[in-house]
2 protein chains.
Amino acid sequence: MNKGTLKYIAKELGLSASTVSRVVNGKYEGNEKTKQRVLEALEKHSYIPNEVARSLQKSSTETIAVVLPDISETFFGTIVKEIENEVSDSGYMLILADTHEKAEKERKYLDILYKRRVDALVLATIDSNGDAVSKFIANDIPVVFIDNIPKLDGISAITIDNKKAGQIAVDYLLSCGHTQIATIIGSTSETTGADRLAGYCSALSDNNIEKNDSLIKFGDYKLDSGYKAMCELLDNRDKAHFTAVFVTSEQMTYGALRAIRDRNLNVPDDISVIGFDIHNLKDDRRQMITTVRQPEDIIGKNVGELLLTHLRENDTPKEDTRIFLEPFLQKGDTVKNFKKENILF
Amino acid sequence: MNKGTLKYIAKELGLSASTVSRVVNGKYEGNEKTKQRVLEALEKHSYIPNEVARSLQKSSTETIAVVLPDISETFFGTIVKEIENEVSDSGYMLILADTHEKAEKERKYLDILYKRRVDALVLATIDSNGDAVSKFIANDIPVVFIDNIPKLDGISAITIDNKKAGQIAVDYLLSCGHTQIATIIGSTSETTGADRLAGYCSALSDNNIEKNDSLIKFGDYKLDSGYKAMCELLDNRDKAHFTAVFVTSEQMTYGALRAIRDRNLNVPDDISVIGFDIHNLKDDRRQMITTVRQPEDIIGKNVGELLLTHLRENDTPKEDTRIFLEPFLQKGDTVKNFKKENILF
DNA sequence: ACCACCTTTGCAAACGTTTGCTATTATAAT
DNA sequence: ATTATAATAGCAAACGTTTGCAAAGGTGGT
């Protein structure tokens with residue numbers, strides 16, 4: 001029999017595994033003396049329970065899966081950190097899956113994670129076909145989306161109000177005197193992109209500015225697509241002029257900025273740029289990119305809390321939770337203010 | 001008996017669990033017809049193996065623990081991403097522990113991870129007392145350090161050459177005409193800090209510049225300590241003058257920059273700064289902080305590869321692996337070049 | 001001296017797999 | 001018809017726990 005196991009120690013003591021187990025778990029109600037004997041033996045062998053065996057028996061792994069497109073982005077890193085912070089005291093650990101923005105990898109990971117019997121799933125999906133996720137729901141494993149609103153029932157979601165995010169950006173540009181505003185939107189097959197676009201549109205129409213479809217370009221959240229979209233906008237600038245552009249993802253923002261630079265245009269003198277999810281360096285001495293931001297830390301904290309209530313009460317809540325947090329604007333130096341000309345620079 | 005299990009399906013087919021198991025794992029050698037029957041039944045019930053049970057039986061969880069101080073830092077995020085990328089094809093998943101730079105949390109996590117029977121451990125320790133880690137070594141669980149050189153035997157390490165990092169920084173400053181160079185070093189109880197300091201010293205002495213101890217300050221890698229150290233340096237500047245400072249961590253660099261700004265001094269005109277691990281925004285249109293960098297992606301890739309060979313061959317290699325990667329300088333706009341005055345700005 | 005009851009501990013099944021060995025049956029060789 | 005051989009499938013133990021139930025032993029009351 002393997003050393004270091006409950007059974008082994010029990011046999012050595014002439015006791016049963018049950019007794020030792022109960023002592024280990026603080027459920028022992030018997031003789032104080034034997035309790036001490038057991039405790040000593042545990043100490044002596046420096047017994048360490050096997051969580052895998054425990055998991056099997058309890059059918060709970062105390063593990064939360066986090067599936068996201070790119071852990072190296074500060075945005076996701078911060079969310080993960082906050083989730084961890086929230087759930088670690090309850091003994092849960094995080095198992096991390098980076099999908100590299102690939103739908104196929106996401107599906108594969110979801111399958112594996114289901115096999116591994118994670119207790120809960122946090123998902124920033126890039127492919128909310130949602131089929132791979134339905135197994136989780138069917139088995140009452142809590143699922144929380146952190147990036148967009150799921151199409152299936154049974155999934156909670158904690159996101160920002162993406163429509164408002166679009167509005168904030170456009171409102172700010174309007175307040176700076178811009179009226180010809182272009183935008184680069186990520187995929188609209190998810191609510192995320194669609195809502196940001198909706199916010200853009202409604203802010204315009206609220207201010208009686210007619211929307212110009214040739215000022216709306218679409219990308220896939222990645223750098224190259226932002227570059228390409230910006231090029232198209234610039235190429236068509238004679239016909240569809242604009243003074244500012246609202247780019248709706250971090251990577252696409254970098255792409256757009258690069259495209260602008262490649263044409264030897266200046267930001268913000270020639271074109272104003274407002275980005276998304278840009279994490280400017282903490283050293284605020286220097287130039288910053290104006291950006292719409294999400295409160296990642298609050299998102300993460302909320303996800304953690306929600307997960308814990310789901311997991312503890314072990315009741316799937318009657319209603320899917322929907323928490324919408326506030327996006328906010330972080331002013332930088334990439335938007336020109338026509339209202340107070342020449343003051344900013 | 002629980003539905004969805006091997007046993008259940010076996011019973012329904014009038015077969016034994018063994019047979020079904022063997023089909024599932026492609027180890028079945030029997031009658032083609034029964035194989036098909038089993039396959040159909042598996043399909044029909046959409047059978048999903050329970051990895052927890054498998055892990056218990058195989059005593060291998062296909063899980064790699066990654067323990068680090070702060071996953072929200074791009075530096076660690078990138079390393080994690082690359083490790084994941086390297087090992088995911090082999091079926092390994094990452095379990096993530098963020099220690100929030102606390103030695104106690106690190107120890108706690110290491111204990112838990114050992115209980116959870118992870119197959120390997122990647123550790124960026126902040127407390128290489130190493131005691132919590134010795135259990136892993138004793139049980140032939142591969143351990144790789146990614147931040148400093150372990151004191152214990154049996155641990156591999158993949159780091160940059162930290163001495164060279166110090167030399168690179170100082171050499172660059174010297175080449176720009178600086179001779180009075182201060183430095184802010186993280187804890188020297190780890191090799192990381194000690195080596196960077198050694199590099200700083202040797203670069204000075206190689207150039208026949210006498211080291212001035214009052215230009216060497218110590219911090220704990222965090223922002224506040226960088227701020228404080230910089231203040232001390234500035235307060236003492238009459239007695240110990242300097243034109244440049246080499247700060248040896250990302251957060252301390254931000255702290256130092258803030259201290260400089262708070263005194264209304266200009267970077268680089270009044271003081272040149274060279275940081276560490278600074279991830280300047282990808283939009284290289286803008287001002288950047290001059291910094292020593294580590295090739296995170298290569299570190300991650302190497303860690304992944306090393307882990308896989310350890311895990312696959314299941315042999316603890318005779319010798320502890322030591323891989324030293326090259327740090328590199330990323331030039332920015334925070335170092336003044338006295339050699340070609342007024343050209344850079 | 002008997003019964004009732006409480007205290008202390010153990011038995012055995014269960015969690016869901018994998019796998020070495022054996023049993024059964026069919027096939028072929030003599 | 002007998003035996004050797006191969007093909008097929010199952011038994012049962014193992015992985016290391018947890019836990020409902022039962023058994024053993026002890027105590028005290030009558």
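At what angle do helix α1 (residues 6-13) of chain A and helix α2 (residues 17-24) of chain A pack, and how many Å apart are their axes? In this predicted model, the angle between the two helices is about 115°, and their axes lie 8 Å apart. Because angles from 65 to 115 degrees count as roughly perpendicular, α1(A) and α2(A) are described as roughly perpendicular to each other. Their crossing is right-handed.

The residues that bring these helices into contact can be picked out one by one: from α1(A) come Leu6(A), Lys7(A) and Ala10(A), and these meet Ala17(A), Val20(A), Ser21(A) and Val24(A) of α2(A). Sorted by class, the residues in this contact are five nonpolar, one polar and one charged.

Chain A and chain B each give 63 residues to their contact, and between them they bury about 5,400 Å², of which 57% is on carbon and sulfur atoms.

Charged side chains also take part here, since a salt bridge is counted when a side-chain nitrogen of Lys or Arg is within 4 Å of a carboxyl oxygen of Asp or Glu. Over all chains the count is 30 salt bridges, and between chain B and chain A it is six. One of them joins Asp70(A) to Lys81(B), with the closest N and O atoms 2.9 Å apart; this pair runs from the loop between β1 (63-68) and α5 (74-87) of chain A to helix α5 (residues 74-87) of chain B. Another links the side chains of Lys81(A) and Asp98(B), at 3.0 Å from N to O.

Definitions and conventions:
Residues numbered from 1 in each chain as written. Chains lettered and ligands numbered in written order. Predicted model: local features only at pLDDT ≥ 70, side-chain atom pairs only at ≥ 80, totals over all residues. Heavy atoms only, no water. Axes fitted to C-alpha atoms, helices over the stretch in contact; angles between N-to-C directions. Helix = DSSP H or I, 4+ residues; strand = E, 2+ residues; numbered from the N terminus. Parallel < 35°, antiparallel > 145°, perpendicular 65-115°, else oblique. Left-handed = near helix turned anticlockwise from the far one by under 90°. Contact = heavy atoms within 4.5 Å. Nonpolar A, V, L, I, M, F, W, Y, C, P; charged D, E, K, R; others polar. Buried area = accessible area lost by both parts, 1.4 Å probe.
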